[in-house]
There are 2 protein chains.
Amino acid sequence: MDKKVVTIYDVAEAANVSMATISRVVNGNANVKEETRKRVLEVIDRLNYRPNAVARGLASKKSTTIGVILPDITDLYYASLAKGIDDVASMYKYNIILTSLQESVGDEEQILNNLLSKQVDGLIYMGKQLSKKLKRTLANSKTPIVLAGSVDKNNETASVNIDFADAVYSVVNQLVQNGHKKIAFVGGSLENPIDGKFRLDGYKKALKKAHINFSSNLVFEAEYSVRAGEAIWDAVKNSGATAAYVTEDLLASGLLNSAMKSGIKVPDDFEIITSNDTILCEVTRPKMSSIEEPLYDIGAVAMRLLTKMMNQEAIDENTIKLPYSIVKRESTR
Amino acid sequence: MDKKVVTIYDVAEAANVSMATISRVVNGNANVKEETRKRVLEVIDRLNYRPNAVARGLASKKSTTIGVILPDITDLYYASLAKGIDDVASMYKYNIILTSLQESVGDEEQILNNLLSKQVDGLIYMGKQLSKKLKRTLANSKTPIVLAGSVDKNNETASVNIDFADAVYSVVNQLVQNGHKKIAFVGGSLENPIDGKFRLDGYKKALKKAHINFSSNLVFEAEYSVRAGEAIWDAVKNSGATAAYVTEDLLASGLLNSAMKSGIKVPDDFEIITSNDTILCEVTRPKMSSIEEPLYDIGAVAMRLLTKMMNQEAIDENTIKLPYSIVKRESTR
DNA sequence: AATAACGTGGAAACCGCTTGCAAAATGTGA
DNA sequence: TCACATTTTGCAAGCGGTTTCCACGTTATT
């Protein structure tokens with residue numbers, strides 16, 4: 001029963017060297033005689049010494065901790081990104097402090113400050129947008145940050161993504177090839193630049209190429225939820241659309257299920273293609289075709305990029321676009 | 001442009017008081033004249049002072065951080081628990097360090113030590129089982145821990161759960177009521193006490209009550225995945241079962257989809273009821289009936305319990321069972 | 001008016017570890 | 001064997017706060 005926590009002093013005393021030496025062996029500093037190192041390691045082991053990371057952090061000004069900010073961990077999109085981040089982080093011996101963006105939007109500033117006060121060595125942000133104010137706070141704290149699965153319109157901030165516009169262009173183009181003239185775009189809030197700008201741009205471009213006029217009647221905004229998808233089906237159907245590109249999987253599955261229930265056969269009568277290739281695509285019946293965003297990889301690469309920034313290594317490209325692909329399942333022909 | 005980070009000294013100097021006073025106002029200590037407090041707060045605001053949590057942690061021996069250990073964040077079960085934890089944690093001003101149990105089992109010890117070295121004030125564990133060794137390490141670090149959605153066979157460790165056995169008893173009983181004689185139990189590894197002991201016990205008890213002999217031919221072990229569910233359908237069907245209780249949603253959805261594809265109508269020809277009531281239940285068609293485990297609440301309550309333990313408050317009950325309910329959707333009659 | 005009791009705020013000792021610098025120990029070559 | 005180079009080690013000053021112990025100026029009490 002360890003009465004009290006054992007510190008570096010205790011180890012030093014027991015090993016008959018100064019604490020500096022202990023510190024050196026713990027940190028793998030080369031300037032320690034092999035014999036001493038062995039002796040110290042033994043003592044460490046015997047005493048069950050566990051360096052206090054907080055004290056270490058204070059002295060070294062490195063916390064080996066990074067902050068991860070995301071909207072909702074129960075959203076598979078973010079969970080997948082998080083997993084990639086987590087795996088790479090632990091590979092590099094970093095810990096992750098996870099914080100969710102609560103409903104209350106106003107406090108992003110507070111969340112950030114909290115994380116900075118904890119002296120995180122870096123940040124990964126997956127929210128919709130990084131406000132000017134946050135950017136400023138970040139800038140003069142000089143804590144590196146990278147966006148994962150989220151974009152910065154001006155490319156000022158490092159980010160890892162796929163080329164949303166291009167991906168959407170491809171799938172819509174595919175639908176056009178399949179003979180559709182009226183293709184619905186079912187997305188979340190168009191305020192969000194990913195949906196409202198990049199994806200919508202890709203959609204428009206594909207239409208343009210096919211000489212189909214863009215009609216805002218075919219653009220639908222809905223919440224990302226099964227229910228919203230189910231609810232919006234009638235409107236989509238009534239718009240005359242014969243196919244839909246959906247920006248999120250829950251929404252798509254709701255839409256799909258309503259369609260099937262109403263007797264419309266997917267993909268024969270109506271094609272649907274969605275965006276995130278989460279496990280939901282495998283669970284619906286028919287299974288959903290989807291743009292395959294390498295979510296795990298995006299997270300992993302973002303984290304890797306962050307490690308480079310934390311080490312002040314040179315970064316060749318601050319906006320990384322990972323290759324996407326398209327997974328054909330059963331909701332498209 | 002803040003050249004350097006502002007410390008408590010800078011604030012003290014600017015406000016013309018000692019650092020002790022600054023510390024007092026930051027920590028809401030009462031022994032500060034109102035006037036002084038105001039002046040200090042102004043200076044803090046003006047200088048944009050952000051207390052260094054690491055230094056604070058070292059001095060106060062509290063990190064206001066808790067460690068969360070879980071198997072896989074992309075599993076909606078854990079993600080839901082995590083969300084409950086996160087919300088309550090942030091309510092109480094704690095940060096969460098999230099760590100995943102990698103494939104490599106051996107290093108749970110290491111993960112724990114890492115977390116302890118970061119001086120977490122408490123831990124929430126969602127793994128399968130807490131090994132003796134880990135318990136020992138925990139014990140003499142005296143860091144409080146609570147299990148969320150995970151059980152401790154001996155009730156030594158605080159935990160928050162539902163009554164798995166009872167819940168399964170209820171649903172299987174329901175299936176019996178519906179006239180089924182052969183009911184399959186489709187679970188994950190029976191090594192895991194939740195499935196192999198509690199749930200299976202509930203299943204057996206329900207059979208017993210109905211004077212149905214337990215047959216191990218009706219018990220299926222599979223991985224928690226859609227694919228495994230799809231793959232196991234034939235075996236389940238061939239066992240002669242006319243209904244199944246499944247312990248996890250991915251598995252259930254695979255089973256369901258295979259059934260439907262093979263022409264078996266659910267619920268008319270075959271009933272299925274699953275366990276976690278994640279969003280997957282809403283995405284399949286037909287939607288799946290499920291035991292409704294209040295995952296979010298389990299997480300939230302676990303975290304709340306942990307805060308009490310961290311504050312040394314008296315705990316009335318160290319094993320909390322939350323009420324479950326049963327959500328009837330379309331996969332049961 | 002002297003004394004007691006507060007309410008405030010300062011001094012300084014840590015918290016446990018890192019690290020620059022200098023001393024000690026060891027090795028090297030002539 | 002001695003001077004000098006090279007390893008190893010120890011010393012001690014922080015890192016940025018918290019917190020205990022005290023002192024001082026006020027106000028209340030008798």
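In this predicted model, the side chains of His180(A) and Glu271(A) are joined by a polar contact of 2.7 Å.

**His180 of chain A**

- His180(A) sits in the loop that runs between helix H8 (164-177) and strand S6 (183-187) of chain A.
- The relative accessibility of His180(A) is 6%, and because buried means under 20%, His180(A) counts as buried.
- Apart from neighbours within four places in sequence, the residues in contact with His180(A) are Leu175(A), Ile212(A), Thr242(A), Ala243(A), Glu271(A) and Arg333(A).

**Helix H3 of chain A**

- The buried residues in H3(A) are Thr36(A), Arg37(A), Val40(A), Val43(A) and Ile44(A).
- Viewed down the axis of H3(A), these buried residues fall within an arc of 130 degrees and therefore line one face of the helix.
- An α-helix has 3.6 residues a turn, so residues three or four places apart point the same way.
- Packing against the buried residues of H3(A) are helix H1 (8-15) and helix H2 (19-26) of chain A.
- Glu35(A), Lys38(A), Glu42(A), Asp45(A) and Arg46(A), on the other side of H3(A), are exposed.
- Asn48(A) follows H3(A) and has a positive phi, near 60 degrees.

**DNA strand C**

- There are 28 residues around DNA strand C, of which Ile8(A), Ser23(A), Tyr49(A), Ser18(B) and Thr36(B) come nearest.
- Of the atoms of DNA strand C that come within 4 Å of the protein, sugar and phosphate account for 65%.
- Two residues of chain B approach phosphate oxygens of DNA strand C: Ser18(B) places a backbone N or O atom 2.4 Å from one, and Thr36(B) places a polar side-chain atom 2.5 Å from one.
- A base oxygen of DNA strand C lies 3.3 Å from a polar backbone atom of Ala59(B).
- Two or more residues each are given to the surface near DNA strand C by H1, H2 and helix H4 (53-60) of chain A, and by helix H2 (19-26) and helix H4 (53-60) of chain B.
- By class, the residues of this surface near DNA strand C are 13 nonpolar, ten polar and five charged.

**DNA strand D**

- Around DNA strand D there are 27 residues, and those that come nearest are Ser18(A), Arg24(A), Thr36(A), Ile8(B) and Ser23(B).
- Sugar or phosphate makes up 60% of the atoms of DNA strand D within 4 Å of the protein, while the rest belong to bases.
- Base oxygens of DNA strand D are approached from chain A: a polar side-chain atom of Arg24(A) is 2.5 Å from one, and a backbone N or O atom of Ala59(A) is 3.3 Å from one.
- From chain B, a backbone N or O atom of Asn52(B) lies 3.3 Å from a phosphate oxygen of DNA strand D.
- The elements giving two or more residues to the surface near DNA strand D are H2 and H4 of chain A and H2 and H4 of chain B.
- The surface near DNA strand D consists of twelve nonpolar, ten polar and five charged residues.

**Helix H4 of chain B**

- In H4(B), the buried residues are Ala53(B), Val54(B) and Gly57(B).
- Seen down the axis of H4(B), its buried residues fall within an arc of 100 degrees, so they line one face of this helix.
- The elements covering the buried residues of H4(B) include H4 and helix H6 (108-117) of chain A.
- After H4(B) comes Lys61(B), whose phi is positive, near 60 degrees.

**Val5 of chain A**

- Val5(A) belongs to the segment before H1 of chain A.
- With a relative accessible area of 57%, Val5(A) is exposed, because exposed means over 50%.
- Val5(A) and Tyr49(A) are 44 residues apart along the chain, and their C-alpha atoms are separated by 8.2 Å.
- Tyr49(A) is also one of the residues that come nearest to DNA strand C.

Technical notes:
Residues are numbered from 1 along each chain as its sequence is written. Chains are lettered from A and ligands numbered from 1 in the order in which they are written. This is a predicted model: local features need pLDDT of at least 70, side-chain atom pairs count only at pLDDT 80 or more; totals for chains, interfaces and linings use all residues. Side-chain values use heavy atoms; hydrogens and water are left out. Buried means under 20% relative accessible area, exposed over 50%, partly exposed in between (1.4 Å probe, protein chains only). Helices (H or I, at least four residues) and strands (E, at least two) are DSSP runs, numbered from the N terminus. The arc is that of the directions from the helix axis to the C-beta atoms. Contact means heavy atoms within 4.5 Å. A residue is near a molecule or strand if one of its heavy atoms lies within 4 Å of it. A polar contact is a pair of N or O atoms within 3.5 Å; within protein, one must be able to donate a hydrogen and the other to accept it, and residues adjacent in sequence count only if both atoms are side-chain atoms. Ala, Val, Leu, Ile, Met, Phe, Trp, Tyr, Cys and Pro count as nonpolar, Asp, Glu, Lys and Arg as charged, and the others, Gly among them, as polar.
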